[in-house]
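Subject: Handover of a structure and notes on what was found

Dear colleague,

Please find the structure below, together with its sequence.

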Amino acid sequence: MILTDALSAVPLPRLHRRVSVNPWDVPPVVLLLLVAAMIIAPSAIAPYDPLQENPDLPLAGPSLAHPFGTDYIGRDLLSRVIAGTGATIAGSFIAVVIGLLVGTILGLLAAYFGRLTDSVIGRVIDVLLSIPTLLLSITIIVALGFGTVNAAIAVGISSIAVFARLARSEVLAVRNLPFVEASAHLGAGHLTLLFRHILPNSYSSVLALAALQFGAAILAIASLSFLGYGAQPPEPEWGLLISEGRNYINSAPGLVFFPALAIVLTVMSLSRLAHVIREKVG
């Protein structure tokens, strides 16, 4: 009877609370689906080979043949923006997965076991939070080497502390609820309590943070590539495209505008997605 009462108090995800569709949620979803399509089949969407040079058409303005214009050696900018989607999003995804998995596990362990474990993990989190994200990422890249993958690893390591801190606070709120204590009294092991009872009832905020961090990771990956630490030429990547176009911003502003617009719209869409996740699932 006690277990039944306790389990009845489990705050399961309340997906049924809101089923109506907010019109403001439609454009971000459509845009993210378009981004997904550009990642899955870039060659089917891009009108040209992103690496194909056309010396006869450098720095051409937007036209029917080249909607975004061409770069300084005649490569189609629209095709390069589409091709660069995969590098930027893939790197951001790797970064978020690293931060989410490692940070959530650290937060779980710190909140569940407490005392020495919480103290040690807390000090590690404090150290990571005390170092500016960009500086920490550059330091890690210098040790690992330049490239999109290494930039993603660096950004992922930099985001561990944010996930760990949130996961810790969420687990602390759930750890002492009646259904968890009832399961512990009935002999449930640590892994069962952590991954069957505590984590499923504290993940909504972490998921919302993952969506927000995805946007932050896009900005970080693009920033590192802009500075020369991420993707290297001739690989198309949003931040690198902006870096290559900044020298021609007066004569061909589209070289900077269109890759930057892709970043802004994608990050804004992910921010809206994070709000929806927190509202619907939380």
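Predicted model: local features only at pLDDT ≥ 70, side-chain atom pairs only at ≥ 80, totals over all residues.

Let us begin with residues 124-143, whose end C-alpha atoms lie 20 Å apart; this span is 90% helix and 0% strand. Helices (H or I, at least four residues) and strands (E, at least two) are DSSP runs, numbered from the N terminus.

Residues are numbered from 1 along each chain as its sequence is written, and side-chain values use heavy atoms, with hydrogens and water left out.

The overall picture

The protein chain has 12 helices and zero strands. Of its 282 residues, 45% count as buried. Buried means under 20% relative accessible area, exposed means over 50%, and partly exposed lies in between (1.4 Å probe, protein chains only). Among the contacts in the chain with a separation of 6 or more, 71% are between residues 24 or more positions apart; a contact means heavy atoms within 4.5 Å.

Helix α6 (residues 133-144) has 12 residues and reaches 16 Å from its first C-alpha to its last, close to the 16 Å expected at 1.5 Å a residue. The expected span of a helix is 1.5 Å times one less than its number of residues. Which residues of α6 are buried? They are Leu-136, Ser-137, Ile-138, Ile-140 and Ile-141. What covers them includes α5 (115-130), α7 and α10. After α6 comes Gly-145, whose phi is positive, near 115 degrees.

Helix α7 (residues 148-175) has 28 residues and should span 40 Å at 1.5 Å a residue; its end C-alpha atoms are 39 Å apart, which agrees. Where does α7 bend? The bend is at Ser-159 and amounts to about 35 degrees. Such a bend is the angle between axes fitted to the seven residues ending at a residue and the seven starting there. Ser-159 is buried, with a relative accessible area of 7%. Leaving aside residues up to four places away in sequence, Ser-159 touches Ala-95, Gly-99 and Gln-213.

Two packed helices are described by the angle between their axes and the distance between the axes. Axes are lines fitted to C-alpha atoms, for helices over the stretch in contact, and angles run from 0 to 180 degrees between N-to-C directions. Angles under 35 degrees count as roughly parallel, over 145 as roughly antiparallel, 65 to 115 as roughly perpendicular and the rest as oblique.

The axes of helix α2 (residues 26-40) and helix α4 (residues 77-113) come within 8 Å and cross at roughly 95 degrees. The two helices are therefore roughly perpendicular. In this pair, Val-35, Met-38 and Ile-39 of α2 meet Ile-82, Thr-85, Gly-86 and Ile-89 of α4.

Helix α4 also packs with helix α11 (residues 238-245), at an angle of about 130 degrees and with the axes 7 Å apart. That makes α4 oblique to α11. Here Arg-80, Val-81, Gly-84, Thr-85, Thr-88 and Ile-89 of α4 meet Trp-238, Leu-241 and Glu-244 of α11.

Individual residues

Ser-223 is in helix α10 (residues 204-227) and is partly exposed, with a relative accessible area of 34%. Ser-223 and Leu-240 are 17 residues apart in sequence and 8.4 Å apart in space, C-alpha to C-alpha. In the loop between α10 and α11 is Pro-234, which a cis peptide bond joins to Pro-233, with omega about 5 degrees.

Leu-59 is not a glycine, yet its phi is positive, about 55 degrees. Leu-59 is placed in the loop between α3 (42-45) and α4 and is partly exposed, with a relative accessible area of 29%. Arg-115, likewise not a glycine, has a positive phi of about 50 degrees. Arg-115 lies in helix α5 and is exposed, with a relative accessible area of 80%.

Yours sincerely,
A colleague
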